[in-house]
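Biologist: Before we talk, could you put the structure up for us to look at together?

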Amino acid sequence: MTLRIAEVFGPTIQGEGALIGEPTLFVRAGGCDYRCSWCDSPHAVDSRFRQDWTPMEPAEVMARLGALSGGQPMMVSLSGGNPAIQDFAPLIAMGRAKGYRFACETQGSVARDWFAALDMLVLSPKPPSSGETTDWAKFDACLAAAGDAPRVMKIVVFDDADLDYARTAAARHPELSLCLQPGNPESDPDTPVSLDALAARLEWLVDRTIGAGWLRPRILPQLHVLIWGNKRGV
Ligand code: SF4
């Protein structure tokens, strides 16, 4: 039952998606079955960082969350990497017993029974610019596994091909609320981000969606990148 954990940090704000702005603790799982070209968390994906991942029992992670929050129950985001390749059921059960709430962000490649115990499942299928290919049968299995848990979809968009993908994904799943987020091409924590460039990407995405008459998606920036750039653990 030991978990591979890249980081536990917070409280901070959720920087993206449907829970943007929400005070949140983060548990970043180590390991991912994808290798997206623009991944912003390579330290939680690439096996060359494996020696930095800490083996932790669920009770140890829970104790860390309790210490970080001063015992105040709050939202916990399971991210990664892909948290779905590990068993977070015991941690979720422990946390919920203390009043903590859990969201999980995953690309939708591995379905887990514990999705049904979440307060929100954020499915973030990866568009063509990632270099990965979505297996929609597996994505649908993730949705089914979540049962009645709230489920939302978030897609990163770098270019027109990604936008076409987002439209197709949205059409496949009219039941899901949809956030689109402009891609951030820079993941190096030591490289300063250009706020002007990020704003231009955001404006392009608004033009190509709302401006083109597609009124369904919410268009959101990555709030943490606007505030802290690509710095980790904030
Ligand atoms: Fe990185 Fe997420 Fe892609 Fe995994 S699925 S490689 S964590 S962007």
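What follows is a conversation about this predicted model, in questions and answers.

Biologist: Which residues form one aromatic cluster with Phe88?

Modeller: The model holds six aromatic pairs, counting rings whose centres lie within 6.5 Å. One aromatic cluster contains Phe88, and the residues that form it together with Phe88 are Trp114 and Phe115.

Biologist: Which element gives the largest share of the largest nonpolar core?

Modeller: This core has 46 residues, and Leu78, Phe88, Phe115 and Leu180 are the ones that touch the most other members. In soluble globular proteins, nonpolar side chains tend to be buried together. The largest share of the core, six residues, is contributed by helix α3.

Biologist: Which residue caps the N-terminal end of α3?

Modeller: Helix α3 covers residues 136–146, and its buried residues include Trp136, Phe139 and Leu143. Among the elements that cover these buried residues are β6, β7 and α4. After the helix comes glycine 147, with a positive phi near 55°. At the N-terminal end, a side-chain oxygen lies 3.0 Å from the backbone nitrogen of alanine 137, and the capping residue that provides this oxygen is aspartate 135.

Biologist: Is serine 177 buried, partly exposed or exposed?

Modeller: Serine 177 lies in strand β8, and it touches Val152 and Met153, leaving aside residues up to four places away in sequence. Buried would need a value under 20% and exposed a value over 50%. The relative accessible area of serine 177 is 33%, so serine 177 is partly exposed.

Biologist: What is the relative accessible area of cysteine 179?

Modeller: Cysteine 179 is also placed in strand β8, which runs over residues 177–182. Leaving aside residues up to four places away in sequence, its contacts include Gly17, Ala18, Met153 and Leu220. Cysteine 179 counts as buried because its relative accessible area is 4%.

Biologist: In which helix is histidine 224?

Modeller: Histidine 224 is buried, since its relative accessible area is 18%, and the cut-off is under 20%. It touches Gly15, Glu16 and Gly229, again without residues up to four places away in sequence. The helix that holds histidine 224 spans residues 223–228 and is α6.

Biologist: How many residues of the shell around the ligand are charged?

Modeller: The ligand is surrounded by several residues, among them Cys32, Tyr34, Arg35 and Lys126. Arg and Lys count as charged. The shell divides into five nonpolar and two polar residues, and the number of charged ones is two.

Conventions
Residues are numbered from 1 along each chain as its sequence is written. This is a predicted model: local features need pLDDT of at least 70, side-chain atom pairs count only at pLDDT 80 or more; totals for chains, interfaces and linings use all residues. Side-chain values use heavy atoms; hydrogens and water are left out. Rings of Phe, Tyr and Trp (its six-membered ring) pair if their centres lie within 6.5 Å; planes under 30 degrees apart count as stacked, over 60 as edge-to-face and the rest as tilted. Helices (H or I, at least four residues) and strands (E, at least two) are DSSP runs, numbered from the N terminus. Buried means under 20% relative accessible area, exposed over 50%, partly exposed in between (1.4 Å probe, protein chains only). Contact means heavy atoms within 4.5 Å. A residue is near a molecule or strand if one of its heavy atoms lies within 4 Å of it. A polar contact is a pair of N or O atoms within 3.5 Å; within protein, one must be able to donate a hydrogen and the other to accept it, and residues adjacent in sequence count only if both atoms are side-chain atoms. A nonpolar core is a set of buried Ala, Val, Leu, Ile, Met, Phe, Trp, Tyr and Cys residues joined through side-chain atoms within 4.5 Å.
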